[in-house]
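Keep the model open while reading.

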Amino acid sequence: MKKAAVKIINLILVITLIGMMTISAAATTAQDIKDQINQDNAALSDINDDMLALQDEQDLLEEEICDLDAELVNTMTVIAGLEDDIAASQEAIDAKERDIIAKEADIQTTQGVYEEACEKEEAQYNAMVARIQYLYENGDMDYLSVLFAASSFSEVLTLQSYVEAVYTYDQNMLAEYEAAREEVKRIWERLEEEKALLEEEKASLQEEQDSLQADLEEMASQVAYLNVLLDKKKRESANYDAQIARMRQEANALKVKIKQEQAELKKIEEAERRSAAANGSYTVSPSVADIINGASGSDLGKQIARYGCQYIGNPYVLGGTSLTNGADCSGFTYRIYSNFGYTIPRTSYLQRSAGTEVSYENAQPGDLICYEGHVALYIGGGYIVHASNVKTGIKVSKATYKKILSVRRII
């Protein structure tokens, strides 16, 4: 139900209540008040129907609120998991960064070793070149003169072997330094590859973390949306509460009004009954009036019969003694005689012993007709008026509809 529609309905109800109160204030007869009570009961029924409809809508809204609460809890659980994953990812990234820093330190160290190896290789090469250059720069003659200056052939061979040994040594050292340099270079290149791999792994972890962060931001946005929607639903539910509370107040006001009208009706009906009793006339259907008028008996007995018949159609209420709101069988006869100034027992069993017993053939209007667990008022012509049961209420029946145990004359 839309809010505007509810406000219009509430306004109509208030106007209706004011109008009904005005009518009630103007009502002067029992029928006027009965009509007013019927209108008020109809209005009360409408309000109750509207309240039930609103309550149904609020129940559906409460289900939505519960679903939203559950969705919010689930989303927060997902967020907690994402935050844990991001924290773990950050730890992995930090570990990779530490590995990269360590690898860079190894690379720097290896680079220094490589540069040192390069320097040694270059120095060895330069020394070898210098020695070779020295030999050639001094000319072949000097070299030959050195050889010819030898005192023996063996000394010549020794000098030649020395020169070859120096050259071989230079070559070996150069090869050794070159091999060392190449090994360091391979280590350096391997370290660079390992560093590049660590960088790739770090980049991959960073991409995963960025994806997790995007998911986290999306979930946070979903939480914000759910909170806004939940607040809206709760405000709507509170609005329903306010509307139902207003309707409940209106219903309670109507109940009070109906109760007051019923009390007023009872006063008017009592006054009408007293007036009718004074005049000896009561409003009954023509057919019932013919039965009573055609019977033999006292005028007072016929007045009592007519008085009882004016309540035909009113409800049967177990334990009740109200001729308008409901009575059981003995409560009905008890109240009729009480209104004429006669006191009889309250139960059907004890009423079977009240007054004086007469035969059914001599029964007159106003006599009690007693049955097993039941009692009725005789109206003449073989008929009774009695509070029959919950289903049929107060009605006219054949006096012999079941076995008669006693006929009692009270007046």
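Is aspartate 367 buried or exposed? Aspartate 367 has a relative accessible area of 2%, so it is buried. The model is predicted.

**Salt bridges**

Aspartate 367 forms a salt bridge with arginine 409, 2.9 Å from N to O. The two partners are 42 residues apart. Aspartate 367 sits in the loop between β3 (356-358) and β4, and arginine 409 in strand β8 (residues 406-409).

The structure holds 12 salt bridges. Three of them are listed here.

| Pair | N to O distance |
|---|---|
| Glutamate 64 and lysine 233 | 2.9 Å |
| Lysine 202 and glutamate 97 | 3.1 Å |
| Aspartate 367 and arginine 409 | 2.9 Å |

Glutamate 64 lies in helix α2 (residues 30-137) and lysine 233 in helix α4 (residues 153-279), so their bridge ties together parts 169 residues apart in sequence. Glutamate 64 is partly exposed, at 35% relative accessibility. Lysine 233 is buried, at 17%.

Lysine 202 and glutamate 97 also link helix α4 to helix α2, at a separation of 105 residues. Lysine 202 is partly exposed at 23%. Glutamate 97 is partly exposed too, at 29%.

Asp40, Lys257 and Glu261 belong to one network, built from salt bridges that share partners.

**Nonpolar cores**

The largest nonpolar core has 28 residues. Cys309, Phe332, Ile336, Tyr337, Leu368, Ile379 and Val385 touch the most other members. Helices and strands both contribute: α5 (286-294), α6 (299-309), α7 (329-339), β4 (368-371), β5 (374-380) and β6 (383-389) each supply at least two residues. A second, separate core of 17 residues includes Ile33, Ala43, Leu61 and Ile244.

What does isoleucine 379 touch, not counting residues up to four places away in sequence? Its contacts include Val288, Ile291, Ile292, Ala305 and Cys309. Pro365, Ile384, Val385 and Val396 are also among them.

β5 runs antiparallel to β4, with four bridges joining the two. Histidine 374 of β5 stands opposite tyrosine 371. Two residues separate the strands of this hairpin, and glycine 373 takes a positive phi near 70°.

β5 also runs antiparallel to β6, through three bridges. Leucine 377 has valine 385 of β6 as its bridge partner. This hairpin has two residues between its strands as well, and glycine 381 in the turn has a positive phi of about 65°.

How values were computed. Residues numbered from 1 in each chain as written. Predicted model: local features only at pLDDT ≥ 70, side-chain atom pairs only at ≥ 80, totals over all residues. Heavy atoms only, no water. Core = buried A, V, L, I, M, F, W, Y, C linked by side-chain atoms within 4.5 Å. Buried < 20%, exposed > 50% of the residue type's maximum accessible area, 1.4 Å probe, protein only. Contact = heavy atoms within 4.5 Å. Pairing = 2+ DSSP bridges. Salt bridge = Lys/Arg side-chain N within 4 Å of Asp/Glu carboxyl O.
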